[in-house]
Amino acid sequence: MRGPLPRPELHSIAVHAASRSGGAPTSEPLHLLAANENPYDPLPGVLDAAIAAARRFNRYPDLGCERLIDALACRFDLPPTRFAAGAGSVGVIQSLIQAMAAPGDEVMYGWRSFEAYPVITTAICGATAVGVPLTDDGYHDLDAMAERVTERTRLIFLCTPNNPTGTAVRRDELAKFLDRVPENVLVVLDEAYAEYVCDKDAVDGATICREYPHVAVVRTFSKAFGLAGLRIGFAIAPEPVAAALRMTAPYGVSQIGQEAAIASLAATDEVMKRVDVVVAERLRMENALIEQGRPISRSQANFLWLPLRERSAEFADACARAGIAVRVFAEEGVRVTVGSRESNDLFLATAANIPAGA
Ligand SMILES: *Cc1c(COP(=O)(O)O)cnc(C)c1O
């Protein structure tokens with residue numbers, strides 16, 4: 001073939017299967033339980049802030065996201081110098097890997113976990129991905145991960161709660177792990193689902209990152225805060241790392257996104273009321289699935305994980321026929337977002353008609 005060709009590593013990026021959830025509005029009567037989105041429409045005050053900002057979109061956004069970062073610094077009671085915002089937490093994760101890992105360096109994570117880690121590490125950044133298998137029940141195997149640290153390890157991602165298994169890392173096991181990881185290795189807690197965590201023993205990154213100099217936290221406005229379409233996430237990181245992140249993706253967050261995020265922080269009480277409803281729905285769905293005889297584990301996020309193995313595709317197909325989009329991981333399992341009550345009811349009724357099998 002002739003003509004300029006992109007780096008061959010990029011061929012390995014699978015087209016994102018969840019894209020059916022996003023994009024332009026369609027008339028398809030689909031129940032969107034594939035992308036862990038917030039089922040609620042935007043909060044009125046947040047929408048107003050975004051619309052007001054839209055009236056000025058001929059202007060560039062605030063390069064430093066200063067008011068947003070000040071609001072975050074105030075919320076978490078940490079200096080603004082420890083924060084960086086980006087185009088979704090995926091944007092922040094990409095900046096982190098670019099800032100920390102050169103070709104030959106290793107980026108470790110538990111696996112199965114968030115697909116962005118291997119894609120960004122290998123295809124986009126040319127670094128080496130080290131995926132350490134989860135335990136059989138879908139938890140991070142922190143002992144195995146500590147043992148895999150080498151001189152080339154630069155970054156370790158811990159997704160907690162883990163996407164897609166829904167399990168959270170516990171405080172006590174993390175403390176032991178962090179004591180074993182050398183201080184030149186940055187441990188990143190990806191807490192995209194932090195707001196949904198109920199387990200009192202689960203890690204809270206905002207606390208841990210005060211106690212350890214080699215911990216960063218990545219959070220997002222996409223899930224509980226419902227701003228997925230506006231692309232805004234942030235990191236709390238050691239100061240030199242945060243400074244690097246602020247430099248690597250200039251103008252990454254639109255002013256509409258910044259204003260919506262600031263308004264969302266101000267509306268945290270309302271946001272958390274919605275989170276409470278989702279958590280109650282999560283429990284209701286878990287109980288119903290267990291009653292159906294399905295082996296699920298309790299989730300700490302806004303989705304459920306059904307480890308259906310070789311029966312995953314068949315289950316997802318049956319959901320699709322009922323107008324429900326779920327996320328299938330071939331031969332591993334199906335991830336189902338906790339959505340609106342109506343969508344959840346339809347999902348439970350559909351699942352009840354799929355044989356639970358052996
Ligand atoms: C959804 C998700 C994100 C958030 O992505 P955004 O880019 O902020 O929309 C980050 N990490 C994990 C594990 C996720 O599941």
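Which side-chain N or O atom lies 2.5 Å from an oxygen atom of the ligand? The side chain of Thr-220 supplies that atom.

## About the model

This is a predicted model, in which local features need pLDDT of at least 70 and side-chain atom pairs count only at pLDDT 80 or more, while totals for chains, interfaces and linings use all residues. Residues are numbered from 1 along each chain as its sequence is written, and side-chain values use heavy atoms, with hydrogens and water left out.

## Around the ligand

Let's start with the shell of residues. There are 13 residues around the ligand, and those that come nearest are Ser-89, Tyr-193, Thr-220, Lys-223 and Arg-231. Here a residue is near a molecule if one of its heavy atoms lies within 4 Å of it. By class, 5 residues of the shell are nonpolar, 5 are polar and 3 are charged. In this scheme Ala, Val, Leu, Ile, Met, Phe, Trp, Tyr, Cys and Pro count as nonpolar, Asp, Glu, Lys and Arg as charged, and the others, Gly among them, as polar. Helix α3 (residues 88-100) gives the largest share of the shell, 3 residues. Helices (H or I, at least four residues) and strands (E, at least two) are DSSP runs, numbered from the N terminus.

Besides Thr-220 at 2.5 Å, Val-90 has a backbone N or O atom 3.0 Å from a ligand oxygen. For Lys-223, a side-chain N or O atom is 3.4 Å from an oxygen atom of the ligand. On its own the ligand has 390 Å² of accessible area, and the protein covers 93% of this; such areas come from the Shrake-Rupley method with a 1.4 Å probe.

## The annotated domain

An unreviewed UniProt entry lists residues 32-345 as "domain: Aminotransferase class I/classII large". Over residues 32-345 the chain is 41% helix and 17% strand, with its end C-alpha atoms 13 Å apart.

β2 pairs with β8 (residues 233-236) in the antiparallel sense over 4 bridges, and Ala-84 has Ala-235 in β8 as its bridge partner. Two strands count as paired if DSSP finds at least two bridges between them.

The other open sheet has 3 strands, ordered β9-β12-β11, with antiparallel pairing. Since β9 (303-306) and β11 (327-329) each have a single partner strand, one side of each is left without a neighbour in the sheet. Neighbouring strands here are turned by 20° against each other on average, direction ignored. β11 meets β12 (residues 333-337) over 3 antiparallel bridges, and Phe-329 stands opposite Gly-333 in β12.

## Backbone spots to look at

Most residues other than glycine have a negative phi, and most peptide bonds are trans. With that in mind, have a look at Asp-77, whose phi is positive, near 55°. Asp-77 sits in the loop between α2 (66-76) and β2 (83-86).

Two cis peptide bonds also deserve a visit. The bond from Trp-111 to Arg-112 is cis, with omega near 15°, and Arg-112 is in the loop between β3 (106-111) and α4 (116-124). Asn-163 and Pro-164 are also joined by a cis peptide bond, with omega about 20°; Pro-164 lies in the loop between β5 (153-159) and α6 (171-180).

Technical notes: Polar contact = N/O pair within 3.5 Å; in protein donor to acceptor, adjacent residues only side chain to side chain. UniProt positions renumbered as here; feature names shortened; annotations may be inferred. Axes fitted to C-alpha atoms, helices over the stretch in contact; angles between N-to-C directions.
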